[in-house]
Amino acid sequence: MNTGAATIADRSNGAAGRPHGENYLNCASGWRSWLFTLDHKRIGVMYLAAILFSFFLGGIFALLVRTELISPGHTIMDADSYNRAFTLHGAIMTFLFIIPGIPAALGNFVLPLLLGAKDVALPRLNLASFHIYAIGAVMAVAAILLGGVDTGWTFYTPYSTTTSGQVVMVTLAVFVLGFSSIFTGINFIVTIHKMRPAGMGWFRMPLMLWALYATAIIQVLATPVLAITVLLLVAERVLGIGVFDPALGGDPVLFQHFFWFYSHPAVYIMILPAMGVISELISTHSRKTIFGYRAIAYSSIAIAVFSFLVWGHHMFVSGQSPLATVIFSALTFSVSIPSAVKVFNWLATMYKGAIKLETPMVYALSFIFLFGIGGLTGLFLATLATDVHLHDSYFVVAHFHYTMMGGVVIAFLAGIFHWWPKMFGRLFSQKWGNIGAVLVFAGFNLTFFSQFVMGSKGMPRRYYSYPPEFEIYHQLSTYGSYLLAVGLFVAAGVLLHSLLAGRRAPANPWGGATLEWQAASPPSHHNFDGPVILTDPYDYSGLVWDAETQGFVRTAHEEVVR
Amino acid sequence: MASAAATPRYEGKHHLAHHFDTRRQQFDSHKLAMWLFLVTEVLMFGGLFCAYAIYRASHPEIFLFAHTLLDKNLGAVNTIVLLFSSFTMAWAVRAAMLGERRRLSALLAITLLCGFGFLGIKAFEYNHKWQHGFLWGQQFAYAELPDYLAGHGADAATAPDSAADAHAAAVMAELDHAAAVTVAHGHDPALIPRNVHIFFGIYFVMTGLHGIHVLAGMIVIGWLLRRSLRGDFGTRNYTAVDLGGLYWHLVDLIWIFLFPLLYLIH
């Protein structure tokens, strides 16, 4: 090859070694070519579609819950329907949307590209993971159609073993979905260990890979414990084995320990890949080398390790021993250290950077703001004395929505907008993208900040009705949720419009230095058409704007692999 | 077995998938994935071992009493059967590496037979528990227990271990377990603690889940045997045998822990 720039220009025109315009989306047609594909990109796209549908479904239940709560007492549904609505909102959002969200949809698409590889190490396992996800989703939807569940997404015993409804079906769906998550995790660990190109040592990997690796470790180590927990719950309900049933000498608090041993690490399965997305985006859209690369990389691993040691903070009022609560409280505080390390490094990365308020960056900035609030309010809840007051109040609801929705979902949207041109080869309207982002930000804060206030004033979570002094906060929260929904529909409209009428995307629209931007947009079936030029993932100095292709091209390169 | 004589398919079956650079990379990737999967299996059973530890620590008297209702001899025989099958499986992997196809098929067949043997003995044990109502939760037939103990007290072979009994009595006395019921049908004042069914709940979940894993392992070995007879494996293509072997060893290993924890309590 002669110069890097020439190679990349050839590649972005899609002219090198394949028919003009052929890519992974149109290289084969028919539903079989999608449903039984082994291509990580197609599997990622199918995951994305399924996960966004789950998000839509969970969002419908969220709006039903908020609408019911706009006034005390009966508004649109009775108390039993309300219990089912908030349970299904939580269960769908957790197990069908947020846990697989970033790793399975975005991760599947970008992980091999970030490595300059042709695919994940185990493509069949990858496809199996998607099929298993689909089976689990069908089971969950079937359970909803057959009457739903009213236990809350946590399925606490002894209520979950005695109430009527589809508890067995939903918990088995969770069991099945767990396998999907485990298979994704195994695949990612193996791929990152074995598929890195020569020259990409661990500390030359993009931070998204560190984040996905840390996530995969939690998926592999925590999910099996959830599997056995829900199996025991099913055995308890169907056979009455008595392990969780106090009437038979069992211990219901044991269920809580088992459940949170998975479900607390699970929140890091959600947030760690989100942090990986933000690390990539902040650096790329500030056009400045990431600050504190090693600190961010190590903090991902530190969070993964800490995640296994803090589950007891969900159980401060469950009657566990005072010594255990003190230890869990202290460990919970220590999680804030690696989290803060990341936030400070992102801020330092932006300092004196050439920040461009492109849509992904607007979402990334709102992530930092919202995750900051979500993280800091976590400290209130880790403090034993205040937790007794705030436990099971709307303060808790607001806290985890600031981290899960304000953190993970916003980062997920940021990532979708960032990699959308790569996935589908189309540019979207930045202006309307930004309008959507601002609406989401405003709606989100209106919805959940009011919940901090009413929670600290004593409004308990999951209640169907409330005294009149809470009405104003509930109304603000409900109107906020409508605004949030409008913002999300604007975002969806922007993306759909780009598919129908968007300009063709260049190979590198944002000036990213990671390897996926060397592939065409959208990439060909085998990802890269020519040799991959291995560069520092955060060195933007060689990338210049090329007016002809309307994208960035590289003028210099360091070394060549493959 | 005659089909082994047909044209070997081995030559066409050791391809390198398009996304790997070398065969070594492919093999290492598959092996690492299998090890990770085994880690998830260990953690899944780990939850059950945790439940076991918690209940055994808080209610030692249940475990000391209830384990005497299990048949140690059958458990020991099953342990030997599984250990032997692990040996034949390990040898099968070696045979696959060396390209000894006949020996590979024979060893896989023996391993599969051991699996059947294990499940057969387990089914016999389950049947015995079922007959006498030694089951989980509310299914446990407390009413039949005194008769059973009286009936077996005279039979030295299956009588509850007297040393364990004495130990149980000591533990009970120590705990001053008011709820301990002394049932005497004109015979040995057998100690029947409360909530014996907790032991059997844990016993059936642990051995049941393990049994499902044995069954899964047998399906894998059956598949390997079919491929082996077809001539799929050779010196350059034995990954599937190797990984199947790893899984079978894990299934064996879990039983090695289950046997003393459930059958040999002091």
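Reply: Confidence comes before geometry. This is a predicted model. Over residues 1-7 of chain B, pLDDT stays under 50, and the model has seven contacts beyond four places in sequence for them. Residues 176-189 of chain B also stay under 50 in pLDDT, with 20 contacts beyond four places in sequence. Where pLDDT is low, predicted coordinates should not be read in detail. For chain B as a whole, the mean pLDDT is 84, and 80% of its residues reach 70 or more. For the complex, the predictor gives an ipTM of 0.91 and a pTM of 0.91.

Now the helix: H9(A), residues 252-286. H9(A) has 35 residues, which at 1.5 Å a residue should span 51 Å. Its end C-alpha atoms are 51 Å apart, so the two values agree. There is a bend along the way. H9(A) has a kink of about 30 degrees, centred on Trp260(A). Just after the helix, Arg287(A) takes a positive phi of about 50 degrees.

Next, its surroundings. Of the 35 residues of H9(A), 32 are buried, so the helix is largely enclosed by the rest of the structure.

Then the partner chain. In all, 30 residues of chain A are in contact with 27 residues of chain B. On the chain A side, H9(A) is one of the elements that give two or more residues, alongside H7(A) (167-194) and H8(A) (207-238). H8(A) gives the most, with nine residues. By class, this side of chain A has 21 nonpolar, six polar and three charged residues.

Terms used
Residues are numbered from 1 along each chain as its sequence is written. Chains are lettered from A and ligands numbered from 1 in the order in which they are written. This is a predicted model: local features need pLDDT of at least 70, side-chain atom pairs count only at pLDDT 80 or more; totals for chains, interfaces and linings use all residues. Two residues are in contact if their C-beta atoms, placed from the backbone, lie within 7 Å. Helices (H or I, at least four residues) and strands (E, at least two) are DSSP runs, numbered from the N terminus. Ala, Val, Leu, Ile, Met, Phe, Trp, Tyr, Cys and Pro count as nonpolar, Asp, Glu, Lys and Arg as charged, and the others, Gly among them, as polar. pLDDT is the predictor's confidence in each residue, from 0 to 100. The expected span of a helix is 1.5 Å times one less than its number of residues. The bend at a residue is the angle between axes fitted to the seven residues ending there and the seven starting there. A residue is buried if 20 or more other C-beta atoms lie within 10 Å of its own, exposed if 12 or fewer, and partly exposed in between; C-beta atoms are placed from the backbone.
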